[in-house]
Amino acid sequence: MKRLRSIRWRIQLWYAAFLLAMVVVSGVAVFRLEQENLQRLERAALRDRMDDLFQLLDAPRNEQPGATEGEGEDQPPSPPPRPPAGGPPLGGLQKDDPRFAATQAHPYYFAIWRRDGGFLVSSPSAPKDVPRPEFPAGAPRTRQTDRTRDGYLEIFKATPPGEIILVGRSLGSVEASITRFGWMVVGLGTAIVAFGLAIGWWIADRALRPVRDIGQAAARISAGNLNERIRVTETDTELGALAAVLNDAFGRLEAAVQNQARFTSDAAHELRTPVSVVLAETQLILDDENTNPEARETATVCRRAAQRMHGLIESLLELAVVEGNPQSLEKDDWDLGELGANGVDIMRLLAQEKNIRLTASTTPAHCQCDAERIQQIILNLLSNSIKFSPKGADIEVSSGLENGQAFLRVKDTGPGISADHLPHLFDRFYRVDRSRSRGTGGTGLGLAICKGIAEAHGGTLTAESTAGQGSTFTLRLPVG
Ligand code: ADP
């Protein structure tokens, strides 16, 4: 269903509907024209037969030369056929004239009625009991009229003296050729629609390819490759202009991110020296045996604050490096499962102190990554889980391949994170419970750094959690 809503499918469906309508309308029109044409030809053929009949009836009688003499007073002077009122003779017409032979599949036939309305004669090819034709009221009887009945087409007219002559033919052959033609139109129409749809699909594909390319490039850029740009091949087209505008926007975005990273890095560097001085000076005060207890206590508090600030500065510097310079990653082929198991080994002692069961059930998940940075994510996730989970909790690390990506998952049975906090978890300096986090020495930068590292790899770091039911953090990295 989602597919059908894509632009490509919508174009294709509109195009298919239009093409189908065109083909159906023209198919029906062609079919009707052909049908009329065949019937017109058939009428013309019947007219020819009627003319033949008139000629024959008018020809010298070779059977009973004197037969019409008794009818003389009724006969007009010139050509009209003259079958007598009482019965044969029929001029030159033979009942079994070959033109009306019954041997063909759909033979022509004739039937003649006397002036007094009584049936006179019909060809052997005629169907049984041809009903006497009725002339339309008001029209002269000598005018040729036609009728169709039970699959027969018949034309009839009266001779000036009044005999009714009818010539007809079964419409069977016409109907057969119309049906044949109909199937031909259906076949041709289907072929045109199929061919048209294939061409339409190809055209839509060609037309939308640049849009797809732009979308893919934009997705790569928003995934962290801020230095990438959309390739603009035809600058004077609408899509070329769109690509140029997007490139401009991406350029500005890259500059803004770099500025922010530079500012963070500069500020952190500037703060590093004074904090180091405070650390060194307070250490000196604490090392001096003559320092009185009050001064010692003040120095201890200052030193602790300076140490915290030192940690914060290091994290900010790291964030600046990760976000501002993804090229600094030293990527190689590594197995996320192996890195996860390694992280579990490192953190096992820490977990044991809190009686937490830390297990690894990993399967190979090879990908291109900077092992040191990925190890940093794993240790950060594990240390968070240990830090925030109560004694006796379970933490499980798993890995594998999913949808063409390598993944590593850290799942704990800790306090979980409520839905209000979940969307902000990866924001800088965000801590769910500030007082508790400060107690655990957190700065709220750990997950922001982890996410920055994952995105610099073209991957993602996500969290799923329900308050009170533990949390699951998943790192996904592209395989290639
Ligand atoms: P911090 O330095 O405070 O640990 P992080 O960015 O690593 O900062 O984590 C941000 C916040 O997310 C933490 O303060 C904590 O409240 C919450 N959090 C992180 N991991 C977990 C977890 N496994 N269980 C519960 N809460 C967590």
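Cys 450 is buried, because its relative accessible area is 2% and buried means under 20%, exposed over 50%, and partly exposed in between (1.4 Å probe, protein chains only). Keep in mind that this is a predicted model, where local features need pLDDT of at least 70, side-chain atom pairs count only at pLDDT 80 or more, and totals for chains, interfaces and linings use all residues. Residues are numbered from 1 along each chain as its sequence is written, and side-chain values use heavy atoms, with hydrogens and water left out.

How many disulfides does the model have? With a disulfide taken as a pair of cysteine sulfur atoms within 2.5 Å, the count is zero. Cys 450 is in no disulfide: the nearest cysteine sulfur belongs to Cys 369, 14 Å away.

Here are some accessibility values side by side.

| Residue | Relative accessible area | Class |
|---|---|---|
| Cys 450 | 2% | buried |
| Ser 398 | 18% | buried |
| Cys 302 | 37% | partly exposed |
| Phe 195 | 59% | exposed |

Ser 398 belongs to strand β9 (residues 394–402); strands (E, at least two residues) and helices (H or I, at least four) are DSSP runs, numbered from the N terminus. Beyond neighbours within four places in sequence, Ser 398 has contacts (heavy atoms within 4.5 Å) that include Ser 361 and Phe 407. Its C-alpha atom is separated by 44 Å from that of Ala 204, 194 residues apart along the chain.

Finally, exposed Phe 195 sits in helix α2 (residues 172–222).
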